Each structure stands twice: as C-alpha cells, then as structure tokens.
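Thanks for coming. I will talk through one structure this morning, so please look at the screen while I go.

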Amino acid sequence: MAGFGSWVSLARFIFGLCVLIFVLEHEMFAAADDAGSNEKGPEECRTDLASLLPPPYSNISQSKLSCMTVWNTFVLRHYQSEDGTLTIMLSAVYTTGWVGIGFSKDGLMVGSSAMVGWFNKKGQPKIMQYYLQGTAASKVIPGKGELPLSGVPAAVALHSSRIYVAFQLKLSKPLARQPVILAFGTAYPKHHRLTHHVDKTTIYVDFVAGSTSPGAKYVSERKRTHGALALIGWGLILPIGAIVARYFRHKDPQWYYIHAITQFIGFIIGLAAVVVGVQLYNEVHPDIPNHRGIGIFVLVLTILQILAFFLRPDKDAKIRRYWNWYHSWVGRLTLFFGAINIVLGTEAGHAGNEWKIGYGFLVSLVIAAVIILEVLFRMKRRNSTRLEVPSAFQMNPIEEALPNKEVRLPSHR
C-alpha cells in the first residue's frame, strides 16, 4: 500500500505540473497580446494622405482612421463604416519589389487571399489580388482570390521612400478580429507572377477595436512546436515504450522500469503538445474537426493507460489476464490513432516536405524494428516450446527397471 500511495502522489504532482504549465502559458501569451495591442506609429500616422491617394481614400478624415505600426516599417490604416465597407491603407518603406497584405482563415499563408502592390521598372503603379493556393511560386495565382472588393479601384502611391497600397472591401457584417498576413519581396513581379517573399509575418487585427495582437505572429512557431511535441511524444517515445514491454520481458525487472518511465515521459510530452494545440485552437479557430476529434480521443486513451497502470492487479489475481489484454490492446489502439492524427496534422498545418519525409522515415524505422523483433521473438518462443515438450513414451534402462536382479544370458550348450 505504501508503494501505491507514492505512485498516487507522483500522479498528483504530474497533474499539478501540467495545470501550472497550461496556466502560465495562457497568462504569458495574454500579456504579450495586451502589451502589443497599443503599439502605434505616430510619425507616419500624421502624414496627410489627401494629396497622395485618390477618392474615396483621400476623403476619409484622419480622425476616423485607426493607424498603427504593425510590423517593421509597415503601418496600417483602416476605417470600417456602418454599411460594412472596410477601407484598408497599408504603407511601408519601399525601394524595389512588392508589398502585400493578406487575409487568412486560420493564420496560415496557404488558402489566404492578398492584395499586392508594386511599381515596375518603368515606374508604373501596379496592384492585384492573389490567391495563395500553396507555398510554391506557381501556386500563387494572380487575379484570383476571395476578397470581396467593393468595386472601387484599388490604388498605389509612392511618397518619401514609402509605398501606399489602398483598397476597399464590401462585407456583409463588420469584421472584428482577423488574421492578417504581411509580406514583402525585393524582386519585381514578372508577368504578374510574384517572386518569393524576403520576409513575412502573421498578426491579428481587431478592425472594430482598432488594435493589433503581435503575439499572433508566433502562430507558425507555435504550430511547429505543437507538431514537434506530438511527433516526439506519440510518434517516437510511446512506441519505444511499447516495444520494450513486448520484446524485452526476459530482462526482468529492468524492462518494467524502462517501460514505465518511457511511457510517463511520452505522456508528459504528448500532454504538452495538447496544451500548445489548445492555445493554437483558441487563437486561430481552424476548421480541422477530424484532427481535433482524434486528438481528444488519443488523449483520453492515453489517460486511461496511465490510470490502468496505477490500478494494475497483482500477478496472482484472477483478473490479471484481462488487465493484460486490455492494457495491450488499448495501447496499440492509442499508437495507431496517434500515428493517423500526426499525418492529419501535417496535412492540416500544410507542413513542408521535410516534415512528411522525416515522419515517414521515423515510421519506417519503427515498423522495421517491430518486424525484426517480432520474428526473433516468435523464433525464440518456438524453440523454447520444442525444448519443453516431453517425449510421448519414455523407456527406462533394464538396470533401472530391475535394480536388484541379476541379468543372466542363456547358455548355449
């Protein structure tokens, strides 16, 4: 009972630690969002746009415009009227190339629509909508997109080494907190084909409150953290623990301690992946019901495995064989759905080929190890079974059968 109490204390400590991590991370990112929401660009915001941009952009009073520095030299002005018309004016330091502002559904570049402005080599202003179908340059489609342009011509202007890009959206309802992508390139678009960006970021803009959340620019980094933790926890450490439990039981009791420690480490890392995933979901609200649902299912199965460990009956108990069956098959089910969810996550997060190749290599390595160890395991078990099978009929020597009798051979006379 003393050992059981110590394990319960350990479980309480781990649970409390996970709750503390979740709370601290939530407070940290909330503080970052609050700190960045008041960032302004007073110098540029005092620039009068009446002589730079055509109507209706020049007709909007400076007092009605929300103006703030959003990233590097990028300054965003916007005004949202009661009829649902959203006016966007973006400016940035400019020498060559292009600048763009995109509207995203989930904070990611893929699937977003953007307005891009530039001046060509002849000094002619250009502005066009693009649909970002993929990460490759060939997947950035000019003249396409989902932005509901109002019909008022977009405008581009150049003044004092700054470029100004202005356009209007006609919305069915006021736009509130929205993921916005900012990017720029230093090479001119060729035949309206954008060159690869030099740098980009993602922020949140509250077009009602007139504020930004610079913490949202870490969405991609947090997404990578979530994926890496899930891959290490459910894709590497937990499978290793399962392999130890099946193929190394002859190393008793070392296999048990290695299995328990490995699974607890994998559980903590997987739980950290869930915490980061919840934070990511609360910020971005992505439409990924399959990935999210399977993730919750895998987490529940993992928690059940941890609880089963603490409720493990004695070896001599009658229900021990049923517990072994339950623990083994629930573990296999957890690893199977965990692997599926990692694949779904790489697709939902538009992970690059390096993630897919890396995870494919990891899965291949685990499967190859399992196949080799399973073959060796069955061969060893077959050989041990043969050695333990008794003979069907055992013959005793005559001396053992008749120990007190003298054996005489018949004489031939």
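UniProt, in an unreviewed entry, places the feature "transmembrane region" at residues 227-248, 255-281, 293-311, 323-345 and 357-377. Those positions are in the numbering used here, the feature names are shortened, and such annotations may be inferred rather than shown by experiment. What you see is a predicted model, in which local features need pLDDT of at least 70, side-chain atom pairs count only at pLDDT 80 or more, and totals for chains, interfaces and linings use all residues. Residues are numbered from 1 along each chain as its sequence is written, and side-chain values use heavy atoms, with hydrogens and water left out.

Two of the annotated spans can be set against the model. Residues 293-311 are 95% helix and 0% strand, with end C-alpha atoms 27 Å apart. For residues 357-377 the figures are 100% helix and 0% strand, and the end C-alpha atoms lie 30 Å apart. When I say helix or strand, I mean DSSP runs numbered from the N terminus: H or I of at least four residues for helices, E of at least two for strands.

Next, helix H5. This helix covers residues 289-310, and its 22 residues should span 32 Å at 1.5 Å a residue; the end C-alpha atoms are 32 Å apart, which agrees. The expected span is 1.5 Å times one less than the number of residues. Among the buried residues of H5 are His-291, Ile-294, Val-298, Leu-301, Gln-305 and Phe-309. Buried means under 20% relative accessible area, exposed means over 50%, and partly exposed is in between, with a 1.4 Å probe and protein chains only.

Now the chain as a whole. The protein chain has 8 helices and 12 strands. Of its 413 residues, 41% count as buried. The accessible surface is about 24600 Å², and 62% of that belongs to carbon and sulfur atoms. These areas come from the Shrake-Rupley method with a 1.4 Å probe, and for residues only the protein chains shown count as cover.

On to the strands. Why call strand E5 largely enclosed by the rest of the structure? Because 7 of its 7 residues are buried. Both faces are covered: Ser-113, Met-115, Gly-117 and Phe-119 are buried on one side, and Ala-114, Val-116 and Trp-118 on the other. Two strands pair if DSSP finds at least two bridges between them. E5 pairs with E4 in the antiparallel sense over 6 bridges, and Gly-102 stands opposite Ala-114 there. E5 is also joined to strand E6, residues 125-132, by 7 bridges, again antiparallel. In that pairing Ala-114 stands opposite Tyr-130. E5 and E6 form a hairpin with 5 residues between them, and Gly-123 in the turn has a positive phi of about 85 degrees.

The loop between E4 and E5 holds Ser-104, which is buried at 3% relative accessibility. Setting aside neighbours within four places in sequence, Ser-104 is in contact with Ser-112, Gln-178, Pro-179 and Ile-181. Contact means heavy atoms within 4.5 Å.

Strand E9, residues 162-170, is mostly covered, with 8 of its 9 residues buried. E8 and E9 form a hairpin with 2 residues between them.

The bond joins Cys-45 to Cys-67, S to S 1.8 Å. The torsion about the S-S bond is about -90 degrees, so the disulfide is left-handed. Cys-45 is in helix H2 and Cys-67 in strand E1, 22 residues apart. Both ends are buried, Cys-45 at 17% relative accessibility and Cys-67 at 15%.

Last, two peptide bonds. Most peptide bonds are trans. The bond joining Pro-55 and Pro-56 is cis, with omega about 5 degrees, and Pro-56 is in the loop between H2 and E1. The bond from Asp-252 to Pro-253 is cis too, with omega near 5 degrees. Pro-253 is found in the loop between helix H3 and helix H4.

Note on methods: Disulfide = S-S within 2.5 Å.
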